[in-house]
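Here is my note on the structure, point by point. Please keep the model open beside you as you read.

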Amino acid sequence: MSNTHPPGPSTPIPDSAPPPGITRSATSSLMLAVIAPASIYLTFPVALIALMGAADSGRHTLSSWLAPLIFWSLPMPIGVLSISLALSTIRKFGPESENGRLAVKSLWISGIVSIVGFFVTLRFMHGMRYF
């Protein structure tokens, strides 16, 4: 006699459904979306100092772009990372899940920070008399 068994039903493959609850990517996205505006408080004074140093009798030089560059140097990478984590979370879990709702909140925060930052950058440009 042999030790082989006749073919039967195979063992079921478990679903690769995401685990319930909030994941790290969703919370990280929201946390980074909140840190981005806080980082503006670090870069804004340094950008103002650069603005004062670059203001040179109405002429525009290469250092004229230093203030907006310094202003966005920290919030921009943090915001991009937050947005990419939020989008990947929404793709994975959908916008109606707990994780998706948290990711959508972080997208809203990132959007508001971007709009406010855009207007502050316009103030820098106005201060440099670009328009």
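1. Start with burial. A residue is buried under 20% relative accessible area, exposed over 50%, and partly exposed in between (1.4 Å probe, protein chains only). Of the 131 residues in the protein, 30% are buried.

2. A word on the source. This is a predicted model, where local features need pLDDT of at least 70, side-chain atom pairs count only at pLDDT 80 or more, and totals for chains, interfaces and linings use all residues. Residues are numbered from 1 along each chain as its sequence is written, and side-chain values use heavy atoms, with hydrogens and water left out.

3. Now the fold. The protein has four helices and zero strands. Its elements run α-α-α-α from the N terminus on. Helices (H or I, at least four residues) and strands (E, at least two) are DSSP runs, numbered from the N terminus.

4. Look at helix α1. Arginine 24 sits there. Why does arginine 24 count as exposed? Because its relative accessibility is 74%.

5. From C-alpha to C-alpha, proline 37 and isoleucine 109 are 9.0 Å apart, yet they are 72 residues apart in sequence.

6. Move to helix α3 (residues 75-93), which holds isoleucine 90. Isoleucine 90 counts as buried because its relative accessibility is 18%. Its C-alpha atom is 9.2 Å from that of leucine 102, 12 residues apart along the chain.

7. Which residues line the largest pocket? They are Pro37, Ile40, Tyr41, Phe44, Phe71, Val113, Val116, Gly117 and Val120. A pocket is an open set of points on a 1 Å grid over the protein atoms alone, where a 1.4 Å probe fits, with protein on both sides within 12 Å along at least five of seven lines; lining residues have an atom within 4 Å of a point.

8. The largest pocket holds about 160 Å³ of space. Its lining has eight nonpolar residues, one polar and no charged. Gly counts as polar here, and Pro and Tyr as nonpolar.

9. Ile115, Phe118, Phe119 and Leu122 make a nonpolar patch of about 400 Å². Phenylalanine 119 belongs to helix α4 (residues 98-127). Patch residues have over 30% relative accessible area and no salt bridge, and nonpolar side chains are joined within 5 Å. A salt bridge puts a side-chain nitrogen of Lys or Arg within 4 Å of a carboxyl oxygen of Asp or Glu.

Terms used
Patch = residues over 30% accessible without salt bridge, like charges linked within 9 Å, V, L, I, M, F, W, Y side chains within 5 Å. Areas by Shrake-Rupley, 256 points an atom, 1.4 Å probe, with all protein chains shown as cover. Points joined across faces, edges and corners; volume = space filled by probe spheres on them.
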